[in-house]
Amino acid sequence: MTNNRSGRGKSRRNTATATPVQGKQHHKTIQAKKEKELEQSRVGAGNRMLRAGTESKSGNMDNSDRKMRGDERKSRHFSKGERSNDRRNQEASNRSRSNAERSDLPVQKNDEAVIDIIGMNHDGEGVGRVEGFTLFVPGALPGEKVRVKVLKTKKQYGYAKLLDIAQSSPDRIAAPCAIYDQCGGCQIQHMSYEAQLGWKRQHVVDVLERIGKLSVTTESSERTAEVLADSADGNANSMPRVPRVQGVVVHPTLGMSEPWRYRNKAQVPIGVTEGGLVGGFYARGSHRIVDMNTCLIQDERNDEVVARVKEIGRMLGISAYNEETGRGLLRHVVVKTAFRTGEMMLVLVTNGRDIPHVDAWIGSIREHIPHVASICQNVNTKRTNVIFGDETRVLWGRDVIYDYIGNVQFAISARSFYQVNPVQTEVLYGKTVEYAGLTGKETVIDAYCGIGTISLFLAQHADQVYGVEIVKEAIDDARSNALLNEMRNVKFEVGASEDVIPAWKEQGITADVIVVDPPRKGCDPRLLDTILEMKPERVVYVSCNPSTLARDLRILEDGGYSTVEVQPVDMFPHTVHVESVALLVRKD
């Protein structure tokens, strides 16, 4: 999920050779989100140009400067509208100047060049250079020599389209998905799985060194085993504190033996064509829905349910939601599959409560897909791209389905957050428990606890676990899951971790271990301050974003902790995303 795009490719300092070739035409635009990458730099450049008097048509910079100073003195007398118009004129002038400044780049839009790919950024794009100027090339792999066409240039970097591969990487494979080039859900299917795992580890190493300013060692470490073994022999409160002397160990990425069909949840947007209802994915850079019958990273049963819903909808004449007009009924089809129990839930997200022929629809689904244990409707009438609305009701069956992670059972409702890769979730949580080093005597705090998945794993090995989460519905689910598993040594509370944990401390609750599993933006700064004030012996950081992990580890290191090791886990094969678990211990 945050987009930390600043500085991408900057750690690759080698200069590749390149041969520019004049191109013909530009026929592809860059997605709007990528245009924001150097927004701050553009604003800064614009301010410098503004001070230089870029609105002057004469080009006389001295006169322009004097005019600017006079204008600034008068600016307090401008009307709001005049200031707005003046800003727009200045911004337009800045853009013109910016375009003029880029004319001296080694390549221009529509040029062609042959370049060496020297690395891959965190979006999975190949990184190459023309006379030191960086180009990002989707689809290119490190070690390849490729011919590209420049699509867009910025002041410090540009984007290019892959035209030909002159020298292929040994890691390149044919992507098995027929719609891989159109979809965008997977970014690196064209890379062998072994190479994907290696790249993900290296990505973690790079950000730990560049952002976290941490020293990463290539040697294996026995320090973690020593720390955990010592904890088994004595009081957890007297845990030895191990200073980092060899650097942080980053282990090889833990991958899957079968890295396909791993997702237990499908969320499919519904649209309409001349042939009726379609459902699949948004074409790259658009909101045009492309019909899809199968997805190689989805469980086959999810594909089956989605196909059946589309078929029934066409037969019954159900209309699809049109986001431009706000009309039409069916917006999304959401399917959840419990891998351990085989139970399935279907959620129809509709633009209104009334579903024509609802009994016929339910009857057909039950007849053809017997594993469906729950059919729900979620009503979302808002003009938004958010999938779910506020109202959910059961059309048939239960309001939850049940699944297991390890030996812990979970009830999953229509809107519950539940990890989409249950196989790797068990690996991730197992590593979290290992790093916590629990002996049955410890008090553990689980910040960002969600529906209690990690908390309940920890509660099996700790004396007491406290979980905190800001979303009330998640805490309700967490409490239900604790009761479901008859775990009475875990307590959940609604609120922000940085508010609740200090209140617990005032009540005399202290933690031997604090576990954090924040969203992609990382930990709230106040939570990091709270951790440093509470001074637990160990901190276990579960991360879905290596960049914010590195940032937060630096803060904790500066506050008296030592990062012992980091374990990357591949939760999302064939995508650029990587989860990590880090162990930190208090320094002497």
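Let's start with a charge and a ring: arginine 331 sits over the face of tyrosine 321, 4.0 Å from the ring centre. Keep in mind that the model you are looking at is predicted.

Another edge-to-face pair is made by tyrosine 429 and phenylalanine 457, at 5.5 Å centre to centre and 75° between the planes. Tyrosine 429 belongs to helix 9 (residues 422-436) and phenylalanine 457 to helix 10 (residues 453-459), so this pair ties together parts that are 28 residues apart in sequence. Here, too, tyrosine 429 and phenylalanine 457 are both buried.

Next comes the nonpolar interior. In soluble globular proteins, nonpolar side chains tend to be buried together. The largest nonpolar core in this model has 65 residues, and those with the most contacts inside it are Val347, Val444, Leu456, Leu458, Val490, Phe492 and Val515. Take leucine 458 as a way in: leaving out residues up to four places away in sequence, leucine 458 touches Val433, Ala436, Leu438, Val444, Val465 and Val515.

Isoleucine 312 is 50 residues from isoleucine 362 in sequence, and their C-alpha atoms are 9.7 Å apart in space.

An open sheet is formed by 9 strands in the order 7-8-23-24-22-21-18-19-20, with mixed pairing. Strand 7 (216-217) and strand 20 (490-494) stand at the edges with a single partner strand each, so one side of each has no neighbour in the sheet. Elsewhere in that order, strand 22 (residues 538-543) and strand 24 (residues 579-586) run antiparallel and are joined by 6 bridges. Across this pairing, valine 539 stands opposite leucine 584 in strand 24.

The backbone has some points of interest as well. Most residues other than glycine have a negative phi. Asparagine 110, although not a glycine, has a positive phi of about 80°. It is found in the loop between helix 3 (80-101) and strand 2 (112-120), and asparagine 110 is buried, with a relative accessible area of 17%. Glutamate 131 also has a positive phi, of about 50°, without being a glycine. Its place is the loop between strand 3 (125-130) and strand 4 (133-138). At 63% relative accessibility, glutamate 131 counts as exposed.

Finally, the cysteines. The count comes to 0 disulfides. For cysteine 183, the nearest cysteine sulfur is that of cysteine 295, 6.5 Å away; a disulfide would need the two sulfur atoms within 2.5 Å. Cysteine 183 is partly exposed, at 25% relative accessible area, while cysteine 523 counts as buried at 4% relative accessibility.

Technical notes. Residues numbered from 1 in each chain as written. Predicted model: local features only at pLDDT ≥ 70, side-chain atom pairs only at ≥ 80, totals over all residues. Heavy atoms only, no water. Core = buried A, V, L, I, M, F, W, Y, C linked by side-chain atoms within 4.5 Å. Buried < 20%, exposed > 50% of the residue type's maximum accessible area, 1.4 Å probe, protein only. Contact = heavy atoms within 4.5 Å. Pairing = 2+ DSSP bridges. Helix = DSSP H or I, 4+ residues; strand = E, 2+ residues; numbered from the N terminus. Phe/Tyr/Trp six-rings, centres within 6.5 Å; stacked < 30°, edge-to-face > 60°. Lys NZ or Arg CZ within 6 Å of the ring centre and 35° of its normal.
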